[in-house]
Amino acid sequence: MSQVFHDIEKKIIISLRANPKQTPEMLEKSTQLSPDQIRRGIEWLKLKDLALVTESQTSVFSLGKNGTESFQKGLPERRLLNLLQNGPRKISDLQKELGSVFGPSMGLARKNNWIEANSEQISINKSPLDLPGEKTLKLIGNKKLSKTEIDFNDLSGLLSRPDFIVEDIIKTKEITLSDSAKDIELSDSTGDIDVEAKVPEVFVARTHPLKDTIDEIREIFVTLGFSEILGNMTQSSFWNFDALFTPQDHPARELQDTFYLDKMSAKKIGTSEQIRKVSESHKKNWRYQWDINEARKMVLRTHTTSVTIKHLAETKPDEARIFSLGRVFRNEKVSYKHLVEFNQVEGVVVGKDASLRNLMGIQREFYKRIGITKIKFWPTFFPYTEPSLQTMVYNEKLGKWIELFGMGIFRPEVTRPLGITKPVLAWGGGIERIAMLKYDLNDVREFYNNNLGWLRSATKCQ
Amino acid sequence: MPVVELSYTRLQKLVGKVTKKQISDSLPFLGLDIESENKDSVRIEYSPNRPDYSTDFGIALGLQGLLGVKTGIIKLNIKKSNQYLISVKPAVTKIRPFVTGIVAKNGTVDDKTIKQLMAMQEDLHFGIGRKRKKSSIGIHDLDKIQFPLVYTTTNRNHKFIPLNSEKEITVSEILSTTDVGKDYGSLLGQSSQVPIILDKNQNTVSFPPIINAAITTVTTKTRNLFVEVTGLNKDDAEDMLSVVATILQTAGFTLESVNISGMKNSSPKLESKKISVNSSLINQSLGLNLNSSKIISSLKKSRLDAISKGTNIICTIPSYRFDIFGPMDLVEEVALGYGIHNLEPTLSPSQTIGNTNPVSVKLKSLDQTMIGLGYLEALNSSLTSKRVLYEMTNRIPSTIISVLDSKSQEHTILRDSILPGLLENLSRNIHESYPQKMFETGTVFQYDDPISEKINFSGISAHKDANFTEIKSMLQSALKIGFGIKIETKTVIHPTFEDGHCATVILNGKTIGLIGKINSKTIENYKIRIPVVGFEVSLSDSIL
């Protein structure tokens, strides 16, 4: 099948076949196309390797202000010689008649011995027929001439004189057909279009890439038998810390890590039995005076565990798989690896069969579904689980093991005061870290910059 | 997480016959994260519940267990001595009532050991010491101290040469001029009396919980040490002491007892405790089927002792392991000794059926509808600033919910509206091609004794022909297709929107939001150079 060409391309090719070397201006004349059409046509043909564009530059000369004056009135030295034609003249008279060019004309004439001068008078010595430069001056006149059209020897004198000659550098493009274009077949059909040409970009409306990861993770949890629960981002310290066995004087509760809400205090934080038993557990195990006002302080949840534990305390299930997913907050300096607000997911398994190995198995399945197969488990510490493990996953790009989700069994010091009798296994962690791996980002802030350049270009499935 | 820097050669010497590789492979399975490695030195992160891992001596004990070089409990051998006496005066009772201590003799400390001991001290202060409030520690050169000592109080004009200083200054000066004084002075409150430990010749040994005296400074020439811990409660003080005693004994010192008396104080015993755990709890929790002898050998690898009695395992726990509260902590010790890498994951079929929350389902379908309408989803922080939320949109705040001491100026208050964030997004994308259409659904916060959280839905469209009709058509279709509801609009005036191009959005007679053309003042504030229309409606009460 013959290649399809745009009408513009066809006209240019035909014109170049007739006259193989043309400038764009010449093509405009020969094809009757507009300068813009010619420009585009040449660009397309160049991309298809059908046209060659050679660029060259030449100098073009025209007369400057003094050159034009000399063209009209004669060179200053010619004018001087003309005045002396009829015999010697007084210097003062010549000065008056020649004005500003008197000096330069005298200088040149004396240097070349055309004149003789005594103290008062000037007379001709020998008057040449043609003065240097005169021919060129006439040749150029009001025109612009290129180097090749001018006697360069004659020009050089003029070039050294101020504002006689203006030199312009002109770039010219010359277009020729490439070998492959010389015998190409130009179809006559008019309905065809160039299906190989580039087309403009359109931007796809889409969900946010981080939201895609969140939705993907939510779906995996559901597939693994977990049901989603929702809860508030603002929580009392009781559910964010106390119920999770974090002592009130613990450094983790301090302002530097936790966002406390200014002058916000919860009136009702739990049932009186919950409050009594949690406080007793703290007093007994941590040996300090538990203060209910501390537990009332409202915070932005530092983990979704506050939602999970509240749900478990309310429902006290014998058997359950639930998860909560949402924003959590840390009072940290924002950097390429830290945000003050990020997403976390946390699943819990309640039941008599719930064991650490089972939880490890669920996690292995989870990672497999997000495309991570190389994982291992290391022991770690969380204040509210015992034993506690963390998952390490191998990142091929970084060539190292990185920490992802944490997991563990809720401590009896957490569950017992809240009346939860069955073992509760929990696992979860930050979602942005997974999304960063997925979208190959090095700066976590990109997720919340809403930079259209990125949102319009990030690939959905990676 | 605290960090400690170790040397492999030193660790190898302390652990016994093991290779460098065995050590580096085993560290993570003690719960120690390798932060970085450089030839012989390795920086590791340890958990705050294991202050014994703040020195290489403590880590070596753990490695010996895990690698099977030496297993079982580390017994403290404390020689009874009557040489060292501390008497406690009634004046301290109301300020810092307890003191405890121990003597460690005939050891050597090199620069590295001193550095580690200092680091351990700081970690103990931070963790179980709760920033020195609950308990604090002082390690001294024993030979510079004349016993008996007295733990009493003194006034703020009391003078001595504090650590790292050359001249005598008063307690008040210490509190107002030194770093530690400024950091921890508040622990002493306004009381005119402060705690002090004085020796036989009335020389100051320590001014707890702030600073030691310079004279007792530990150097590489020190051979004998005196350790004192003061605190608000006896058990916490002794817990802290037990960590230091264990480390010093491991470092080659011989421990001798200190006699303490007065005001409910007594000599520390640093005795081990016994906790019983049923082997079925262990096996059920881990998903294993270990017999008693395997459980016992695993516990021993975790440097504990245990015997079996029927199905129960009776475990002996040294005093420095005060992170062990009860049976579940022993389950973890079994898991660690057994080796986490030996736990094979299993996947048992789920007995439950998973469900997405109905709210999430509805929001997701709204997302799909908006995409169909050509809108791109944006995500903004719920924690934002007064500038974005109010100043730029000319809105007057009612009750602002702010966070205390935010480290970032851009994140100081909770949003009560989503639209300002989207406008901010437009202002950061003025170099990108138009039309720009974005939407966001998310939580907004309102004061409601204390706070109510609602889900709002907002969208904006920016291009040269953007107008009210366009955005109303869009919202009308989105809510009709998304939720099968029909909205009406009624004219209103709002500081963010242009007069005559702004309306409330009404659903079943109830106002649920605002819609209109953003006025030129707001557009200019955001430095946007193209017309913008937008809306925001609440989904929580009437739609979700």
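In chain B, helices α9(B) and α10(B) are roughly perpendicular to each other, a label for angles of 65 to 115 degrees. Their axes, lines fitted to C-alpha atoms over the stretch in contact, cross at roughly 85° and come within 7 Å. "Contact" here is for residues whose C-beta atoms, placed from the backbone, lie within 7 Å.

A quick word on the model: it is predicted, with local features needing pLDDT of at least 70 and side-chain atom pairs pLDDT 80 or more, while totals for chains, interfaces and linings use all residues. Residues are numbered from 1 along each chain as its sequence is written, and chains are lettered from A and ligands numbered from 1 in the order in which they are written.

Now step back to the whole of chain B. It has 15 helices and 28 strands, which are DSSP runs (helices H or I, at least four residues; strands E, at least two). Its radius of gyration, taken over C-alpha atoms, is 33 Å, well over the 24 Å from the globule rule for 544 residues, so chain B is more spread out than a compact globule. That rule is 2.2 Å times the number of residues to the power 0.38. The C-alpha trace spans about 95 × 65 × 45 Å along its principal axes.

Finally, look at where the two chains meet: 72 residues from chain B and 76 residues from chain A take part. On the chain B side, α10(B) gives the largest share, six residues.

Definitions and conventions:
Axes are lines fitted to C-alpha atoms, for helices over the stretch in contact, and angles run from 0 to 180 degrees between N-to-C directions. Angles under 35 degrees count as roughly parallel, over 145 as roughly antiparallel, 65 to 115 as roughly perpendicular and the rest as oblique.
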